Amino acid sequence: MDGAMDGAMDDGAVLRLVGVTKRFGPLVANDSVSFTLNKGEVIALLGENGAGKTTLMNILFGHYLADEGHVEAFGHRLPPGEPRAALAAGIGMVHQHFTLADSMSVLENIALGTQSLWSLRFDRRRALARITTLSRDFGLEVHPNAQVSDLSVGERQRVEILKALYRDARVLILDEPTAVLTPLETEALFRTLKKLVAKGLSILFISHKLNEVLAVSDRVLVLRSGKIAGERATSATNRSELAALMVGDTVTEPTVTDHAPGETVIELVGIRTTGRVGGAPLDTIDLTLREGEITGLAGVSGNGQAALAALLAGTLRPDSGTIRIRGEEMGEWTARTALAHRIGRIPEDRHTIGMIGDMNVIENAISESYRSPRFSHRGLLDWKGAEDFARAIIRDYDVKCPSPRAPVRLLSGGNMQKLILGRAFDGAPHVILASQPTRGLDVGAVAYVHAKLLEARNRGAAILLISEDLDEVLALSDRILVISKGRLSPPSARGALTVREIGERMAGHGFQEEGGIHAA
Amino acid sequence: MRLEPKPAPGLVSALLYPAGAILATLVIASVLVLIAGASPFTVFGLVAKGAAGSRFALLETLTRATPLIFTGLAVAVAFHAKLWNIGAEAQLYIGGVVTAVLGTGALPLPGPLLVPLIALCAMVAGALLLLGPAVLKTRFGVDEVVTTLLLNFIVLLFVSLLLEGPLKDPMGMGWPQSAALVGEARLPRLIHGKRLHLGFVIALVAALAVWVILRKTALGYEMRAVGNNIQAARFAGIPVNRVLMKTALLSGGLAALAGFSEVAGLKGNLSLDLSPGFGYTGIVVAMLALLHPLGVVVSAIFVAGIFVGADAMSRAAGVPSYIAQVMVATALLTMVTAIMLTRYRIRWR
């Protein structure tokens, strides 16, 4: 490993971006971005979703071609559009979504692609020795012969980092590495990063989380609307300054006024589910949602949130257990039953589940109600009525779109989400399922979604807010539950738990051994 | 070389790309014509003349287009819901079988009753034939491309069995063909002494009906939603499986009408050469029309014209009429490329 450092230039600069500009049609994703990463340094690239961080990384790594500007590694210009050249130059990337082959072992994954396809021999012992040394040196514990599909998310990330180190990476790019980690795993990752830097590696750490950026970096670059909005030494800045740089304005947090919840609207009793949704299945959960109350669900991604969301949306039937709405036990349980009982649904993935990209705004607006007498008479659709409805949503929810007849794939994420809100909130739903409602939205749209959720709560809707963003859960929820491995923790009133306590529950501590804990 | 997404195409480029596709087709076909030792201008001129140069040629083109409109509509309907029906050929033959069985004197009814009844029964048979693959797809996830494609061969062998056995015309001199349809069961000719028959009008009505279904009804909306994004459709509460079943019934029924119309309108009996691949050509027709039901009429006439015209050209210019197949296939490829270019931009390096 030590030999890997020899090639580094002495002037300290290992990576340099010069005037990188990238346009997608009229959108400028990166606008002449320049910076230098020095040897042994951690730079945090901070920015909101949509600020251009991921585009920049893709250019750096050769996945995208820059329209202008170039990238230099160790004093040499990288040929644009060639990931292999970036790899050869010692740039390693750990993607937000892992790129591992599930059915192969850790060792095979790491060695994959480092061997010539023509070589018949694979020196397994040497590879094993190297991986063992690397993982010991940097605190990246993982069993080389384990199959990747058996690993936890944190372990998979370690494999990704090992993969980069195995290829003699001297610059490590981490794209939102903590998004999938528990607070404890995050701490372990930060320890590893410190060791890497001590050995002379340089790290580019991409994040939108202020606390992490402050904890791990030497220098912070703030990216806003594709431009570098500011550069600060980490020791000389603070949360509020960075937040202001990120947003370009001061942001008003939503204010939640306490009020007593009303009657129980929906009750889940002893619900178990199996498979097909991704993530953990639900393991005997009880959950009660009450009028005028936001119940926040915190948890690490993949612990059963998807199953719970699909269950409430009506697209997943429980294997056992009971769903009761205002005391009435549900027999058949489908998306239509859920809609008929006035459950408004904001799905986790607006592009693939919430909207039909190639259909227009009108057609998407009526997708949950086209069968109602409002829009269809004897099987014929009333397109005039549908258009009026779509225009009403566009007006009331301030959806920016070229026309109601434009395909929704042309809408920005924020405007798509507003359209979904308009559709879900139509007819004042009694229950609202908000699954990752602000993921990928800019700050303005986030504030809008939060305001609408609070408005619905104040008029008496029972809301389940599922979010991987702990800050969001803490800011909006009247009470908080934690989900881990498909089980729910008991609910706690807002402010009753510290972030650390919630973090421990997210990691699976504080749950009863069998059967889960039943929410009161 | 890489592809990058592009904003929505304007009207001009939406028209320009297909025009470019046709032009590219002609250029590519020219190369083959030159290799065959003829002048492209002469050959294309002869094709055009053979397809539409006279009243006879035009009527012949429309006659040939009739089954293609039905199979094209069948494919368009199915593809809208992303139900990949490659089995229009089989459904066409089943429609022909039903027509031959019911139309050879089994039902003593007057024409105005008998013809619609036969058409209906043919549709039901074709619909049921596609229902099987649709059930297998929705219940067990069996790929309908495979099942519908293989059914083509099964049905063709089945028809061959019928024509060598129970349906064989005793007066047919040993040829594998059914007895002739009774007069009441036949579709009237549109013009006395010409081959164009009522089936063409039925095909136009069917195209209009499919357009109404797709654009104006809840079912059509459901089909398009399922086809565009099945997950989102399911989330919105659209009964995806039921929609796929209905789509299969409609598509199979339309393809069977092609067989009905050919037997009752043109041939007058069932034989193994009922279709020179109308079911497969229907896929090309539907794709060229970008799955638009009214566009199917236009593209069916276009494709039929190339085939009819190439036959005439072949006699006159000595270039093999297979050039028609090449042109139709090339038109499909250039069209698909054109569609891609309306949505993506190619960047070289």
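How are α7(B) and α10(B) oriented relative to each other? The model examined here is predicted. In chain B, helix α7 covers residues 198-216 and helix α10 covers residues 240-267. The two helices pack at an angle of about 170°. Angles over 145 degrees count as roughly antiparallel. α7(B) and α10(B) are therefore roughly antiparallel to each other. Their axes lie 11 Å apart.

The residues that form this contact come from both helices. α7(B) contributes B:G199, B:I202, B:A206, B:V210 and B:I213. From α10(B) come B:L250, B:L254, B:F260 and B:S261. An α-helix has 3.6 residues a turn, so residues three or four places apart point the same way. By class, the contact of α7(B) with α10(B) holds 7 nonpolar and 2 polar residues. No charged residues take part.

Chain B contains 13 helices and 2 strands. Its radius of gyration is 21 Å, close to the 20 Å that the globule rule gives for 349 residues, so chain B is as compact as a globular protein of that length. Along its principal axes, the C-alpha trace of chain B spans about 70 × 60 × 30 Å. Of the 349 residues in chain B, 51% are buried. Among contacts in chain B with a separation of 6 or more, 75% join residues 24 or more positions apart.

Chain A holds an open sheet of 6 strands. The strand order is β6-β7-β8-β3-β9-β10, and the pairing is mixed. At the edges stand β6 (91-94) and β10 (227-233) of chain A, each of which pairs on one side only. From one strand to the next, the twist averages 20°. Helix α6 (residues 183-198) of chain A packs on this sheet. α6 touches β3, β7 (171-175) and β8 (202-207) of chain A. The direction of α6 makes about 150° with that of β8(A).

Within the sheet, strand β3 (residues 42-47) of chain A pairs with strand β9 (residues 219-224) of chain A. The pairing is parallel and runs over 5 bridges. A:I43 stands opposite A:R219 in β9(A).

Helix α1 of chain A spans residues 53-60 and is mostly covered. Of its 8 residues, 7 are buried. These are A:K53, A:T55, A:L56, A:M57, A:N58, A:I59 and A:L60. After α1(A) comes A:G62, whose phi is positive, near 90°.

Positive phi values also occur in chain A at residues other than glycine. One of these is A:Q436, with phi near 45°. A:Q436 sits in the loop between β19 (431-435) and α15 (443-458) of chain A. Is A:Q436 buried or exposed? Buried means under 20% relative accessible area. A:Q436 has a relative accessible area of 5% and is therefore buried.

A:K485 is not a glycine either, yet has a positive phi of about 50°. The loop that holds A:K485 lies between β21 (479-484) and β22 (487-488) of chain A. Here the relative accessibility is 59%, so A:K485 counts as exposed. Thus A:Q436 is buried, whereas A:K485 is exposed.

Technical notes:
Residues are numbered from 1 along each chain as its sequence is written. Chains are lettered from A and ligands numbered from 1 in the order in which they are written. This is a predicted model: local features need pLDDT of at least 70, side-chain atom pairs count only at pLDDT 80 or more; totals for chains, interfaces and linings use all residues. Side-chain values use heavy atoms; hydrogens and water are left out. Two strands pair if DSSP finds at least two bridges between them. Helices (H or I, at least four residues) and strands (E, at least two) are DSSP runs, numbered from the N terminus. Axes are lines fitted to C-alpha atoms, for helices over the stretch in contact, and angles run from 0 to 180 degrees between N-to-C directions. Contact means heavy atoms within 4.5 Å. Angles under 35 degrees count as roughly parallel, over 145 as roughly antiparallel, 65 to 115 as roughly perpendicular and the rest as oblique. Ala, Val, Leu, Ile, Met, Phe, Trp, Tyr, Cys and Pro count as nonpolar, Asp, Glu, Lys and Arg as charged, and the others, Gly among them, as polar. Buried means under 20% relative accessible area, exposed over 50%, partly exposed in between (1.4 Å probe, protein chains only). The radius of gyration is taken over C-alpha atoms; the globule rule is 2.2 Å times the number of residues to the power 0.38.
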